[in-house]
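Let's walk through this protein together, one piece at a time. Keep the picture open beside you as you read.

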Amino acid sequence: MQREDIKGFRLSPQQKHLWLLQQKDIMQPFRVQCNVKIDGKFDRKVFGRAVEVIWQNHEILRTSFNCLQGMDIPIQIINDNKLDTTSLIQEYNFSDLNTQAQEEEIAVLFDQFSQLPFNFEQIPVLNIALIQQSTEKHTLILSLPAVYADKITLKNLVREIADAYSACLYGKQLSSEVIQYADVSEIFNDLLLSEETASGTEYWLKQDFSALSTLKLASENQLAVNKEFSPKSIASTIEHSLYITIADIANKYKTSVATVLLSCFTILLWRLTKQPQTIVGVTYDCRNYEGLESALGLFAKHLPLVCELKNHLKFSEVLQQIHELTIKNAEWQEYFTIEDTALSFLPFCFEFEHRESKYCAGELAFSIDKQYAYIDRFKVKLCCWSQNDCLGFDLQYDTCLFDTDAIEHLAGRF
């Protein structure tokens with residue numbers, strides 16, 4: 001029998017890590033998802049054509065995974081299937097409900113989409129719900145398995161939907177020349193193996209990760225450490241006056257609001273874990289190369305920030321230490337893999353993002369209302385964000401390890 005040749009691409013290091021994490025259970029909640037509010041006169045047919053354009057332009061949306069005989073890790077297979085938008089886009093009409101009932105129904109749908117299992121041989125992988133609330137008000141739910149996307153990919157996807165919608169509406173042509181994820185995946189793999197980039201690998205090998213095994217919170221359920229990952233979050237906003245104070249501190253010490261918040265979180269963990277060395281997994285976008293800022297795919301990863309704290313240190317000294325460490329880590333972000341540590345994931349993580357306000361398409365305005373990206377496992381993760389002079393955070397936690405009261409107490413202390 002003639003053997004069929006299969007052309008595929010290696011998983012990126014980010015994909016490989018996530019693949020190994022979720023092999024025990026396809027129901028593991030590693031997904032990226034958002035609600036998008038759409039204001040203005042909306043044309044369903046134009047929207048369908050816009051989705052088709054994006055589908056054709058980005059190979060990652062047409063990618064499945066295939067485990068070849070004798071291989072434990074699959075390869076990426078790019079498919080040329082035509083898209084049937086009628087089956088891809090699930091439509092709902094809540095226009096006969098009042099505003100509160102609409103939001104409740106949308107929340108139910110959002111939760112249902114977040115629990116979709118990951119089928120690595122199935123395409124399309126993009127799940128879309130289009131919800132009509134009135135003639136000029138709609139909500140879009142976009143959901144992807146995390147092996148396909150990160151939080152920046154969600155933003156890029158919403159922006160591209162707006163651009164493609166505008167192009168289709170006015171009969172314009174969008175450029176199909178985009179960076180494809182499979183090509184970048186090959187580059188990321190080569191970087192880890194190339195002798196020319198050994199200095200990047202050496203930087204991480206010199207780091208002391210021994211404290212990872214002892215970093216625990218007193219409220220942590222030790223009996224549940226090896227159970228399935230079940231994340232939830234508590235959202236909060238920071239008073240504007242406090243935001244101004246934080247921004248003033250950042251300006252005074254020539255750093256960023258993100259670094260000030262990371263320093264506060266690191267100090268809090270140091271006090272709670274009572275360990276001299278604190279390690280925080282900081283989210284980096286890994287999009288250093290030109291053009292990657294607009295690409296779709298899983299690029300982001302958590303990099304360990306190893307910080308030595310002592311009682312006599314001033315906050316400004318801790319801030320300076322963390323400022324310098326974040327810059328060094330950013331320089332070598334492509335060369336770290338979690339396999340360099342003794343654990344399969346970093347227990348305490350931090351992320352900061354600037355949220356865009358709106359993406360316009362003719363008379364329509366697209367705006368991300370709610371989002372999350374579970375691209376890795378963690379015990380506790382602080383996700384901070386800024387938008388239009390507002391500052392807030394989502395404190396995410398593994399419900400198998402912590403109860404809500406313990407996390408609310410932690411959020412209050414932050």
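**Helices across a sheet**

Helix α4 (residues 99-114) lies across β2, β5, β6 (127-134), β7 (137-145) and β13, and runs at about 150 degrees to β2. Helices (H or I, at least four residues) and strands (E, at least two) are DSSP runs, numbered from the N terminus. Lying across involves contact, meaning heavy atoms within 4.5 Å. For the angles, axes are lines fitted to C-alpha atoms, for helices over the stretch in contact, and values run from 0 to 180 degrees between N-to-C directions. Helix α5 (residues 151-169) lies across β2, β7, β12 and β13, at about 160 degrees to β13.

This is a predicted model, where local features need pLDDT of at least 70, side-chain atom pairs count only at pLDDT 80 or more, and totals for chains, interfaces and linings use all residues. Residues are numbered from 1 along each chain as its sequence is written, and side-chain values use heavy atoms, with hydrogens and water left out.

Now look at the open sheet of six strands, with the order β5-β6-β7-β2-β13-β12 and mixed pairing. Because β5 (89-93) and β12 (359-361) each have a single partner strand, they stand at the edges, with one side left without a neighbour in the sheet. From one strand to the next, the twist averages 20 degrees. Two strands pair if DSSP finds at least two bridges between them. Strands β2 (residues 31-39) and β13 (residues 364-373) run antiparallel and are joined by eight bridges. In this pair, Val32 stands opposite Ala373 in β13.

Finally, find Thr278 in strand β9 (residues 277-284). Thr278 counts as buried because its relative accessibility is 1%; buried means under 20% relative accessible area, exposed over 50%, and partly exposed in between (1.4 Å probe, protein chains only). Not counting residues up to four places away in sequence, Thr278 touches Thr266, Leu269, Trp270, Leu305, Val306, Cys307 and Leu309.
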